[in-house]
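Me: Please show me the sequence and the structure, and then take a few questions about them.

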Amino acid sequence: MGKCKTRLAATVGNEVALDIYKFLLDHTVNITENLNAAKQVWYSEEIWEDDIWSSSIFDKKLQHGPDLGVRMAKAFLDGFASGFERIIVIGSDMYDLNQNDLQNAFSELKKNNFVIGPCGRRRVLPFRYEQF
């Protein structure tokens, strides 16, 4: 409490913000647990062993870096160094996201260098480097 959804908490209070955060985490577990892919959960401060992210399904890692961009970049670098060829990073608060969106993104990564899935929409935008 007080460490998540802080902008929302300023309006609705810490307890409601925490409830919303937990609801969104449950949604993220539901859309990812049956996805046919290696799955990792990256924790911001410490790894919790007994939480909603089953260690039999999700590999647990600790984020490093001064800001979200650096932490995500390090997650990509770690994944590629571990031999993964296609990596998707999602936030834990993407209620409009579903398992089909993730499967579609993986399919697009077979044909494109990267994909961007806008928040709040069901579209995946594929890109190849030569487009830039």
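Some questions and answers on the chain and its aromatic pairs follow.

Reply: This is a predicted model, in which local features need pLDDT of at least 70, side-chain atom pairs count only at pLDDT 80 or more, and totals for chains, interfaces and linings use all residues. Residues are numbered from 1 along each chain as its sequence is written, and side-chain values use heavy atoms, with hydrogens and water left out.

Me: In what order do the elements of the protein chain run from the N terminus on?
Reply: Helices (H or I, at least four residues) and strands (E, at least two) are DSSP runs, numbered from the N terminus. The protein chain has four helices and four strands. Their order is α-α-β-β-α-α-β-β.

Me: Are the rings of Trp53 and Phe58 stacked or edge-to-face?
Reply: Rings of Phe, Tyr and Trp (its six-membered ring) pair if their centres lie within 6.5 Å; planes under 30 degrees apart count as stacked, over 60 as edge-to-face and the rest as tilted. The structure holds three aromatic pairs. With centres 5.0 Å apart and planes at 85°, the pair of Trp53 and Phe58 is edge-to-face.

Me: Is Phe58 buried or exposed?
Reply: Buried means under 20% relative accessible area, exposed over 50%, partly exposed in between (1.4 Å probe, protein chains only). The relative accessible area of Phe58 is 4%, so Phe58 is buried.

Me: Which helix holds Phe76 and Phe80?
Reply: The ring centres of Phe76 and Phe80 are 6.3 Å apart and the planes are at 20°, so this pair is stacked. Phe76 and Phe80 are four residues apart, about one turn of the helix. Both lie in α3 (residues 68-81).
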